[in-house]
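Reader: I would like to learn how to read strands, cores and pockets in a model. Please take the features in turn, with the general idea before the case.

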Amino acid sequence: MIRRIRGNVPWFIASLALAFMVWVVATLQVDPIRVTVFNNVPIQLIENDAMIITNRTSLRRMVAVEVRARQSTIERMTPEDLTVRADLSNYNAGTHAVPLQVSTARQATVDTRPAQLTVTLEQRQARQKPVVVEIIGEPPPGYQRGEPQLGQTQVLVTGTLAQVDRVDRIRATVDLSEERTTFSRLVGVSAVNANGTILSDVVLGADTVEVTIEIRQREDVVALPIRPQIDFESLADGYVVRLETYTPQTATLRGSAAALALLPDLLDTATIDLTDRTESFTINVPVRLPDALANGEVTLLEGQTITVDIVIEARISQVQLDDIEVTVTGTVGSVRVIPSLVTVLVTGPQPLIDTLTADEIVVTVDVTQLAPGTYDLQPVVTVSFGTDEPDEIRVIPSTVGVIISAVEP
C-alpha cells in the first residue's frame, strides 16, 4: 500500500504543477501584466537644514515613473498613488548624484526615469548685518527732522557664504515728504550690496524694523490756513455757485519772530471774478500777504498759488403756461377734444425758463388708426428749447377726452 502511494507521488506533483501552470496561464489571459508610465510625478526633497541647495532653480521638479503591474491594478492607479523622494539629509557640501526613491501602496513594480537627481549643496551661513535708514524725501518746507532711531540695529541674514558676503547692509527706505509730525512705524527692509542693488537670494530674519524720526516745525516758520476769495456778486442771474475744493489749504511762511507775529490767523487769495461764468471751472490764484509784510520780511515757502475748483449750476425754476391749445394729428374726420385748452408746467434751468413763451409749446394728441368713438388720451408736449432740455414737463389735466365722429358718406 505504501509502495503504491509512493509510486503515485510523482504523478501527484506533476499534476499539481500542471494545474498551477494552467491557472497562471488563465489568469494572465484574463488579467495580464502591463507596463505604463506616469509622467510629471512631483519629487519630494528631504533637505538637510545645515545645507543650502545652490542649483535649486535648475533642479528637476518632476519625473516619469514606470509601473509594471496587472492590468486591473494599473486601471485603478493615479499619479497620487506614487511617491518619489530624494533624501538629502545625510549629504555634505558638494555636488551629488542622489538616487530617487519611489514607492506605492499598490501591488506593482515601480522605477523612475531618470533614476537620480544631481544636487549641489553648500554650507548654510548666518550673519548679522547692520540696518541703515535711507531717506528718499525730506520733510516739507518749514519742518526739520532728527536722526532716525531704530527698534533693532541688525538683522540676521542667512544664505551661502558667497551670498551672505555680498550683503553690505539691510536697507529701510523712508519718505518724509508728507510728514509734519514725528514718524514712528514699521518699515519694510531689504538686503542690498555695496552699490545698493537688492539681493533676493538670501533670507532675512525680519521683514520689518521699527523706525522713529522726530519731525518738528522750525521756530522761524509758521503754517497758516488759506481762504479763497470769490466775488459772488459778479455771478450772472439765474445761476448758483459753490466752492468745491482747493489745494493746498495751508501756506508755510518763514520770517523773523517779530514779522511772523504780525501775520493774521489766515491768508486770503486774489479775488476770483465770476463775470460771464456759466459753467464749472478750475483756476489757479495767488495767495496774498498783508501789505505790511509785502516787503520781503516774510517769505512764502509753500502755498504761493492754490488750485480752486468752483461749481456753477443754473438755478432750477418753473413756469406755468395756461390756455395751450391741444392739436389733433392723424385724423381725416370730425374730432372734438375736451378740454381743448390745457395748462403746461415746465421745470428747468432758470435762464431758459425765463425766456420760454407759450408760442414755443406744442401739445398734440394722435388719433391715427382710431375708430369712431370716445377715448381718454395722454397729450404729448414738445418744447422748442434749443439744445437744452427741460427737467420736467407736465400737462394739466394729464389726459383729455377725444370724441371721433364717423365720416358721413
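Author: Start with pairing: two strands count as paired if DSSP finds at least two bridges between them. The model shown here is predicted. In general, strands of a sheet pair through backbone hydrogen bonds, either parallel or antiparallel. Here, Arg336 has Ile403 in β32 as its bridge partner.

Reader: How many bridges join β26 to β32, and in which direction do the strands run?

Author: There are five bridges between β26 and β32 (residues 400-405), and the two strands run antiparallel. They belong to an open sheet of three strands, ordered β26-β32-β29, with antiparallel pairing. β26 (334-338) and β29 (373-377) each have a single partner strand, so one side of each lacks a neighbour in the sheet. On average, neighbouring strands of this sheet are turned by 20 degrees against each other, direction ignored.

Reader: Which strands form the open sheet that contains β24, and in what order?

Author: The order is β19-β24-β22, three strands in an open sheet with antiparallel pairing. Its edge strands, β19 (239-247) and β22 (281-286), pair on one side only. As one example, Tyr246 has Val308 in β24 as its bridge partner.

Reader: Now the core. Which residues of the largest nonpolar core touch the most other members?

Author: The general idea is that in soluble globular proteins, nonpolar side chains tend to be buried together. In this model the largest nonpolar core has 24 residues, and Leu253 and Ile272 touch the most other members. Elements that give two or more residues to this core include β18 (221-231), β20 (250-255), α4 (257-261), β21 (267-273) and β23 (298-302). The largest share, four residues, comes from β24.

Reader: What is the volume of the largest pocket, and which residues are closest to its centre?

Author: Rolling a probe the size of a water molecule over the atoms shows where empty space is left. The largest pocket found here has a volume of about 180 Å³. It is lined by 13 residues, of which Ile52, Ile53, Arg56, Gln163 and Asp201 are the closest to the centre. β2 (51-53) and β12 (154-159) are the elements that give two or more residues to the lining.

Reader: How many residues of each class are in that lining?

Author: The lining of the largest pocket has four nonpolar, five polar and four charged residues.

Key
Residues numbered from 1 in each chain as written. Predicted model: local features only at pLDDT ≥ 70, side-chain atom pairs only at ≥ 80, totals over all residues. Heavy atoms only, no water. 1 Å grid on protein atoms, 1.4 Å probe; cavity = no way out; pocket = protein on both sides within 12 Å on 5 of 7 lines; lining within 4 Å. Points joined across faces, edges and corners; volume = space filled by probe spheres on them. Nonpolar A, V, L, I, M, F, W, Y, C, P; charged D, E, K, R; others polar. Core = buried A, V, L, I, M, F, W, Y, C linked by side-chain atoms within 4.5 Å. Buried < 20%, exposed > 50% of the residue type's maximum accessible area, 1.4 Å probe, protein only. Axes fitted to C-alpha atoms, helices over the stretch in contact; angles between N-to-C directions.
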